[in-house]
Amino acid sequence: MCSSDLTSCCVEGTRPILLEIQALVCQTAFGIPRRQSSGADLNRINLLMAVLEKRLGLHLGNCDAYVNIAGGMRIVEPAMDLAIAMAVVSSFLNIPVDDRLLALGEVGLSGEVRSVSQIEMRVSEAVKMGYETCVVPRGACERVKNIKGSRIIPVESVRDAIALIRQGASAE
């Protein structure tokens, strides 16, 4: 399985910060799969993996999973959920994601993707930094549609976002 990197944007105070999320998912060599996280809450990673398993039918239960927020940052805000889920699935399916793609959104237990605060500022920062495609919750699409310089892809559920990986639409 490949390691996958995906970018998201957190907000510290009033400052948007783009972060690289790395994921590595592989079949476990032992009876009990290992889950490890650096920079993200391990309980949140486990929850997201349970949502992916239940709502998408991915068999992650026998896989080791490692998630890392590059640069040593420690992030707890839910805006990173969608990017983490997409990075995990990208690694699991062994399909790389375009490095000019940014994903934002909170993932709920039923797999829905919810809007996050200050999404306009987050997408604007991504555009300034050269990101060409932004995957955002459908509910936030109206707030970011007028931001020039980026292709906005609205998603209602994590299933929609994962379909982008499977279809290769993120590399367009």
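Eight salt bridges are found in a search of the whole structure, which is a predicted model. One of these joins R44 to E106, with the closest N and O atoms 4.0 Å apart. This pair connects distant parts of the chain, since R44 belongs to helix α1 (residues 42-56) and E106 to strand β6 (residues 106-107), 62 residues apart. R44 has a relative accessible area of 25% and is therefore classed as partly exposed. Both residues of the pair also take part in a network of salt bridges made up of R44, D81, E106, E112 and R114.

A further salt bridge is formed between R143 and E120, where the closest N and O atoms lie 3.2 Å apart. Here two helices are linked: R143 is in α4 (residues 141-144) and E120 in α3 (residues 119-128), with 23 residues separating the two positions.

The salt bridge of E156 with R138 has its closest N and O atoms 3.1 Å apart. Both residues lie in loops, E156 between β9 (151-155) and α5 (158-167) and R138 between β8 (133-137) and α4, so the contact ties together parts of the chain that are 18 residues apart in sequence. R138 is partly exposed, with a relative accessible area of 41%.

Charged residues also occur in a surface patch. D5, E20, D99 and E132 form this patch, which is negative. Of its members, D5 is located in strand β1 (residues 3-12). The relative accessible area of D5 is 36%, so this residue counts as partly exposed.

The largest nonpolar core contains 43 residues, and L52, L82, I84, M86 and V158 have the most contacts inside it. Two or more residues of this core are given by each of β1, β2 (15-27), α1, β4 (63-69), α2 (81-93), β5 (101-103), β9 and α5. Helix α2 supplies the largest share, nine residues. In soluble globular proteins, nonpolar side chains tend to be buried together.

M129 is located in the loop between α3 and β8. The C-alpha atom of M129 is separated by 8.7 Å from that of L18, although the two residues are 111 residues apart along the chain.

Backbone geometry was examined at two loop positions. Most residues other than glycine have a negative phi. N94, which is not a glycine, has a positive phi near 65°. This residue is placed in the loop between α2 and β5, and its relative accessible area of 44% makes N94 partly exposed. Q118 likewise is not a glycine and has a positive phi, of about 55°. The position of Q118 is in the loop between β7 (113-114) and α3. At a relative accessible area of 36%, Q118 is partly exposed.

Key
Residues numbered from 1 in each chain as written. Predicted model: local features only at pLDDT ≥ 70, side-chain atom pairs only at ≥ 80, totals over all residues. Heavy atoms only, no water. Patch = residues over 30% accessible without salt bridge, like charges linked within 9 Å, V, L, I, M, F, W, Y side chains within 5 Å. Areas by Shrake-Rupley, 256 points an atom, 1.4 Å probe, with all protein chains shown as cover. Salt bridge = Lys/Arg side-chain N within 4 Å of Asp/Glu carboxyl O. Lys, Arg positive; Asp, Glu negative; His and termini not counted. Charge placed at Lys NZ, Arg CZ, Asp CG, Glu CD. Helix = DSSP H or I, 4+ residues; strand = E, 2+ residues; numbered from the N terminus. Buried < 20%, exposed > 50% of the residue type's maximum accessible area, 1.4 Å probe, protein only. Core = buried A, V, L, I, M, F, W, Y, C linked by side-chain atoms within 4.5 Å.
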